[in-house]
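Colleague: I have the model open here. Could you walk me through it while I look?

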Amino acid sequence: MDHLSYYKSINSIPVVDLFDLKKEELIKQRKKFYFNLGLTINNLKDREVLEVCAGTGYNALFLSEIFKVKSITCLDNNPSSIKSIKSNLMKVKNK
């Protein structure tokens, strides 16, 4: 069984639970992640972003709120992920 089929069969998302960390820690973690990739706020501000395998949508939420991207399109093939993405991104106001 491939990993996506496994996660579909248990109705789960293969990511860390966002509630395991405080929001400040998550923001610090994401900033460090992008810094290690050589990307800063200035690289992504007002840009359009495509995120593949978006999981819970937390990364998209971070990019919208902290990096101020213009828009973000999230793709995922896991129905549980899509449900989570929709739920988490309902909080984001469209520009």
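Colleague: Which residues make up the largest nonpolar core?

Modeller: This is a predicted model, where local features need pLDDT of at least 70, side-chain atom pairs count only at pLDDT 80 or more, and totals for chains, interfaces and linings use all residues. Residues are numbered from 1 along each chain as its sequence is written, and side-chain values use heavy atoms, with hydrogens and water left out. The largest nonpolar core has 10 residues, namely Leu26, Ile27, Tyr34, Leu44, Val49, Tyr58, Phe62, Leu63, Phe67 and Val69. Such a core is a set of buried Ala, Val, Leu, Ile, Met, Phe, Trp, Tyr and Cys residues joined through side-chain atoms within 4.5 Å, where buried means under 20% relative accessible area, exposed over 50% and partly exposed in between, with a 1.4 Å probe and protein chains only.

Colleague: And which helices each supply at least two residues of this core?

Modeller: Those are helix H2 (23–36) and helix H4 (58–65); helices (H or I, at least four residues) and strands (E, at least two) are DSSP runs, numbered from the N terminus.

Colleague: What is Leu63 in contact with, leaving aside its neighbours within four places in sequence?

Modeller: Leu63 is in contact, meaning heavy atoms within 4.5 Å, with Tyr34, Leu44, Val49, Lys68, Val69 and Ile72.

Colleague: Switching to the strands, how many bridges join S1 to S2?

Modeller: Five bridges join S1 (residues 48–52) to S2 (residues 71–75), and the two strands run parallel; strands pair if DSSP finds at least two bridges between them. Going from S1 to S2, the chain passes through H4 in a right-handed β-α-β crossover, which is to say that, with the strands pointing away from the viewer, the path from the first strand over the helix to the second runs clockwise. Within the pairing, Val49 has Ile72 as its bridge partner, while Glu51 has Cys74.

Colleague: Which S1 residues are on its covered face?

Modeller: Val49 and Glu51 are on the covered face, whereas Glu48, Leu50 and Val52 are on the uncovered one.

Colleague: What about aromatics, how many pairs are there?

Modeller: There are four aromatic pairs, counting rings of Phe, Tyr and Trp (its six-membered ring) with centres within 6.5 Å, where planes under 30 degrees apart are stacked, over 60 edge-to-face and the rest tilted. Phe33 and Tyr34 form an edge-to-face pair, 5.1 Å centre to centre with 80° between the planes. Tyr34 also forms a tilted pair with Phe67, at 5.3 Å and 45°.

Colleague: Is Phe67 buried or exposed?

Modeller: Phe67 is buried, because its relative accessibility is 2%.
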